[in-house]
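Look over the sequence and the model, then follow the paragraphs below through a few of the local features.

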Amino acid sequence: MRCEDTTADVWLPIPADEIEDLPEPGESGLNYRFWDGGPEFPADPAHCAFYVVPYMKGSEIAVRPLAGMTSVRVVQTLSAGIDHVTPGIGSLPPGVALCNAKGVHEASTAELTLALILASLRGIPGFVRGQDAEEWRAGFYPALADKSVLIVGYGSIGAAIEDRLAPFECARVARVARSARTTGRGPVHALSDLPALLPEADVVVLSTPLTPVTRHLADAGFLARMKDGALLVNVARGPVVDTNALLKEVESGRITAALDVTDPEPLPAGHPLWHAPGVLISPHVGGSTSAFMPRAKRLIAAQVRRFAAGEDLVNVLLTTD
């Protein structure tokens with residue numbers, strides 16, 4: 001992947017003067033353009049060679065300039081998932097590298113995953129409601145210690161989640177990914193092994209990308225295989241779970257759920273998930289922490305430096321035909 005033109009525009013959702021270690025415009029031949037999803041483009045999209053997608057602005061904004069980016073060579077997201085830009089891939093010229101933000105969100109998402117697990121098991125939402133009502137809600141609550149945890153989607157975020165589970169004395173951590181492999185912590189099972197693994201898990205964590213294979217992965221059959229009293233945690237994408245199937249299970253009281261993502265999203269007022277028993281909802285904030293910006297800036301600077309130097313990029317998920 002080379003910056004072959006004498007000058008090329010780089011669209012950034014963060015002002016260039018706030019990102020350390022970017023190549024100097026005069027020396028590199030790069031022109032930095034700031035665009036964070038506003039109604040007006042900063043320049044002609046046809047001159048853009050490197051497009052960093054605005055973060056958490058939705059698919060409509062992410063793909064809006066793509067059809068006009070006839071010279072683009074790199075599309076860099078600041079999210080782990082790329083589903084918000086895939087609708088625009090067909091309009092891109094051949095040879096465009098689509099890169100994700102591996103390395104940016106692992107710490108934040110893994111932290112929230114543990115927070116959701118612990119809050120759900122230990123009854124924190126009930127304590128908050130009790131405090132509001134001035135009620136002392138004492139009692140015995142489930143612990144994470146001695147529980148069996150299943151991580152479905154064992155990429156870098158799944159591994160970071162297991163890192164943070166290590167001190168909690170879990171009875172077992174099982175791992176599932178698209179294909180089987182072996183890691184330093186033990187085997188990673190293939191998706192085909194899920195039916196046998198689900199009945200053994202007290203906590204099931206979804207951290208998969210959204211793909212045609214994983215859309216509604218947690219469907220009625222998946223949820224029915226979970227053991228009574230199990231907790232489902234979704235820090236992946238909302239459509240990985242079949243919302244109607246989940247509602248039936250949680251409304252019966254058979255399982256509980258902690259959801260950082262929902263389908264639909266944002267969850268509209270009046271949706272039954274808001275008040276479903278045993279459901280804890282956070283508003284898609286897995287990556288939205290103070291840890292995001294420094295890691296995002298480091299990734300952008302490193303990728304632009306590689307591009308300017310004609311070096312291979314990292315985190316390339318696909319290259320257009």
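Leaving aside neighbours within four places in sequence, arginine 175 is in contact (heavy atoms within 4.5 Å) with Leu150, Ile151, Tyr154, Glu162, Thr183, Arg185, Gly186, Pro187, Val188 and His189. This is a predicted model, in which local features need pLDDT of at least 70 and side-chain atom pairs count only at pLDDT 80 or more, while totals for chains, interfaces and linings use all residues. Residues are numbered from 1 along each chain as its sequence is written, and side-chain values use heavy atoms, with hydrogens and water left out.

Arginine 175 lies in strand 7 (residues 172-177); strands (E, at least two residues) and helices (H or I, at least four) are DSSP runs numbered from the N terminus. Arginine 175 has a relative accessible area of 6% and is therefore buried, the term for under 20%, with exposed over 50% and partly exposed in between (1.4 Å probe, protein chains only). The side chain of arginine 175 reaches the backbone oxygen of arginine 185 at 2.8 Å.

At the start of helix 8, a side-chain oxygen of aspartate 242 comes to within 3.1 Å of the backbone nitrogen of asparagine 244. Glycine 253, with a positive phi near 80°, follows helix 8.

Elsewhere, Leu118, Ala119 and Arg122 in helix 3 meet Ile124, Pro125 and Phe127 in helix 4.

Conventions: Polar contact = N/O pair within 3.5 Å; in protein donor to acceptor, adjacent residues only side chain to side chain.
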